[in-house]
Amino acid sequence: MIESLPRREREVFETLCRLEEATAASVRQALSDPLSDSAVRTLLSRLEAKGLVRRRPGGPSNLYTPAPDTGDVAAGALTRLIDTFFNGSAASAATALLGMSRQLSPDELSALESAIEQAKERGE
């Protein structure tokens, strides 16, 4: 459903996912091309009506959180990215990511090695 959102709704939703929990003002400040406060609140209300955002009172301002698990949202977005730009090849996507990244830390390298070993054990 997220890929079918209008551009600005998707941008607000992705920003909220990145922040994990935020006020409308915080979302507005985090946008690359800020909107007015009322526009951000309107978009958050639309996302709430679609079941993608939860709102709860948080003092003087409402707090918003993504309704779906952000891990699920990220996995879906990554799957679409791999399908669209890497012909469904996770290895091609991983190779491209490693080619463009800064030097990896020892912990990051260890995590990648572990993920590769687990994939081998599963027979992938």
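# Briefing on a predicted chain of six helices and two strands

Thr 15 has its place in helix H1, which covers residues 7-19. The model in which this residue sits is a predicted one, and the mean pLDDT of the chain is 87, with 97% of its residues reaching 70 or more. The chain holds six helices and two strands, and read along the sequence these elements follow the pattern α-α-α-β-β-α-α-α.

**Overall dimensions and surface**

- The C-alpha trace of the chain spans about 50 × 30 × 25 Å along its principal axes.
- The radius of gyration of the chain is 18 Å, whereas a compact globule of 124 residues would have a value near 14 Å.
- Of the 124 residues in the chain, 25% are buried, and the chain exposes about 8,300 Å², of which carbon and sulfur atoms supply 53%.
- Among the contacts in the chain with a separation of 6 or more, 44% are accounted for by residues 24 or more positions apart.

**Confidence by element**

- Helix H2, residues 24-30, has the highest mean pLDDT among the elements of the chain, at 95, while helix H4, residues 70-85, has the lowest, at 80.

- Glu 20 is found in the loop between H1 and H2, and its phi is near 75°, a positive value in a residue other than glycine.
- Most residues other than glycine have a negative phi.
- With a relative accessible area of 55%, Glu 20 is exposed, since the class begins over 50%.

- Asp 37 lies in helix H3, which covers residues 37-49, and it counts as partly exposed because its relative accessibility is 36%.
- Although Asp 37 and Ala 24 are 13 residues apart along the chain, their C-alpha atoms are separated by 7.0 Å.

**The hairpin of E1 and E2**

- Strand E1, residues 53-58, and strand E2, residues 61-66, run antiparallel and are joined by six bridges.
- The two strands form a hairpin with two residues between them, and in the turn Gly 59 has a positive phi of about 85°.
- Bridge partners in E2 include Asn 62, which pairs with Pro 57, and Thr 65, which pairs with Arg 54.
- Thr 65, which lies in strand E2, counts as buried because its relative accessibility is 19%, a value under the 20% limit.

- Asn 87 lies in the loop between H4 and helix H5, the latter covering 90-100, and it has a positive phi of about 50° although it is not a glycine.
- Asn 87 is exposed, because its relative accessible area is 75%.

**Helix H6 and the residue after it**

- Helix H6 has 17 residues, numbered 106-122, and at 1.5 Å a residue it should span 24 Å; its end C-alpha atoms are 24 Å apart, which agrees with that expectation.

Definitions and conventions
Residues are numbered from 1 along each chain as its sequence is written. This is a predicted model: local features need pLDDT of at least 70, side-chain atom pairs count only at pLDDT 80 or more; totals for chains, interfaces and linings use all residues. Side-chain values use heavy atoms; hydrogens and water are left out. Helices (H or I, at least four residues) and strands (E, at least two) are DSSP runs, numbered from the N terminus. The expected span of a helix is 1.5 Å times one less than its number of residues. pLDDT is the predictor's confidence in each residue, from 0 to 100. Two strands pair if DSSP finds at least two bridges between them. The radius of gyration is taken over C-alpha atoms; the globule rule is 2.2 Å times the number of residues to the power 0.38. Buried means under 20% relative accessible area, exposed over 50%, partly exposed in between (1.4 Å probe, protein chains only). Contact means heavy atoms within 4.5 Å. Accessible areas come from the Shrake-Rupley method with a 1.4 Å probe; for residues, only the protein chains shown count as cover.
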